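This report looks at aromatic rings, a pocket and the nonpolar cores of one structure. Please keep the sequence and the 3D view at hand while reading.

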Amino acid sequence: MSNVHPFSSKDMIQAQASRWVSAIDRGLSDKEVHELQQWAKQSNAHQDALFELAQLWDEMSVLNELSSLFPEKTQHKQPAVFGLATATSFLVVMLLGCVLLIYSSYWQSAEDDHAKFTKIYRTKVGEQATYVLPDSTIVQLNTNTKLEVVYTGDRRQLILNRGEGRFNVAKDASRPFTVIAGDKSFTALGTVFNVQRNTSSDLELVVTEGKVMIAEPHTLVDANDFEHLKDASNESLSIKKLHANVVVSGEKALIKHSKTEPVKQLSMDDVQRDLAWQHGMIIFNGEPLGEALQEVSRYTATRFELTDPDLTSLKVAGVFKAGDIKGLLESLHANLAVKHQRLGEHRVSLSFESKS
């Protein structure tokens, strides 16, 4: 018997709806629009879950997009404009509900307060932020990141919709901690770890303390499963049955096209370089300029244009402040004889100063 229980039907619908809402937020392709419509037609529960989650989402564009895709669903909803009497009644009910909520919250224990928690955190391009969750888990978000946090009485689930986060997980064996990012889930087995989502199928995991299990996103770990898995390794039968991978402290896992590549052992310098963003820095150690500029672009609206293909392969080394375009351009000029020209507020052209 498998140690990990699958989603219930309701959980599965909620999880699928959440992924669809996230996809709508980033923008759907024509193929995805067709797939979403087919999925929604399978059941009224699918459509209900979509609209319920969209109303909780902090982007009105998501709800507007759903309304345009399923106008018949919107038509059956109450009109947006209320009469004066209806609006007044609505406000009274809302105020009464708030009063009851305040009093009921007052009598709840601290444990109950922390058991159920739902919130969406986000950072803008170039912004970084640190949050302490109700269970004392510390989450640090990198540039242009969106993280959905859902805590229940027996589970802590987070969805990394985009970007990158560091998770210093508070120990709670009764409520396993899982981060879902794209096509994978990352379950903490007592740990501090970093997840970077490049696309839904391209991810990076760095573990700096404890260990993390990488599995399919539908793999859901409960308290009993956690007891079996916390001491597991890649040779354990329970891990093999799940087709999962265990990554331990000092290791890095790359997921390319939804496939987990062989785990890499990191040196201290490797760890510092990969996690330099947590101190507001970017470290390069011989990366090609083209690759380095892609990393720099995560922290700024500035985009770079290379006038010579040979520029792409230039090796870059140094420590830079994230988002410090001026410092980067000065370093490129001083060390690699690369000059720049500003083509607009957010466009920079790079070329060789002189080429023999």
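In what follows, Ala, Val, Leu, Ile, Met, Phe, Trp, Tyr, Cys and Pro count as nonpolar, Asp, Glu, Lys and Arg count as charged, and the others, Gly among them, count as polar. The model is a predicted one, in which local features need pLDDT of at least 70 and side-chain atom pairs count only at pLDDT 80 or more, while totals for chains, interfaces and linings use all residues. Residues are numbered from 1 along each chain as its sequence is written, and side-chain values use heavy atoms, with hydrogens and water left out.

**The largest pocket**

A pocket is an open set of points on a 1 Å grid over the protein atoms alone, where a 1.4 Å probe fits and protein lies on both sides within 12 Å along at least five of seven lines; its lining residues have an atom within 4 Å of a point. The largest pocket holds about 760 Å³ of space, a volume being the space filled by probe spheres set on grid points that are joined across faces, edges and corners. It is lined by 31 residues, of which Glu204, Lys252, Asp274, Glu291 and Glu295 are the closest to its centre. By kind, the lining comprises 15 nonpolar, four polar and twelve charged residues. Strand β15 gives the most to this lining, with five residues; strands, like helices, are DSSP runs numbered from the N terminus (E, at least two residues, for strands; H or I, at least four, for helices).

**Aromatic pairs**

Across the whole structure, a search finds five aromatic pairs. Rings of Phe, Tyr and Trp (its six-membered ring) pair if their centres lie within 6.5 Å, and planes under 30 degrees apart count as stacked, over 60 as edge-to-face and the rest as tilted. Two of the pairs are set out here.

| Pair | Centres apart | Planes | Kind |
|---|---|---|---|
| Tyr121 and Tyr131 | 4.4 Å | 40° | tilted |
| Phe284 and Phe320 | 5.9 Å | 50° | tilted |

Phe284 lies in strand β15 and Phe320 in strand β17, so this pair ties together parts that are 36 residues apart in sequence. Both Phe284 and Phe320 are buried, where buried means under 20% relative accessible area, exposed over 50% and partly exposed in between (1.4 Å probe, protein chains only). Tyr121 is buried at 8%, whereas Tyr131 is partly exposed at 24%. Elsewhere, ring pairs link Phe167, Phe177 and Phe193 into a cluster.

**Nonpolar cores**

A nonpolar core is a set of buried Ala, Val, Leu, Ile, Met, Phe, Trp, Tyr and Cys residues joined through side-chain atoms within 4.5 Å. The largest has 27 residues, and Leu158, Phe167, Phe177, Phe186, Phe193 and Leu205 touch the most other members. Apart from it lies another core, of 25 residues, including Val271 and Leu329.
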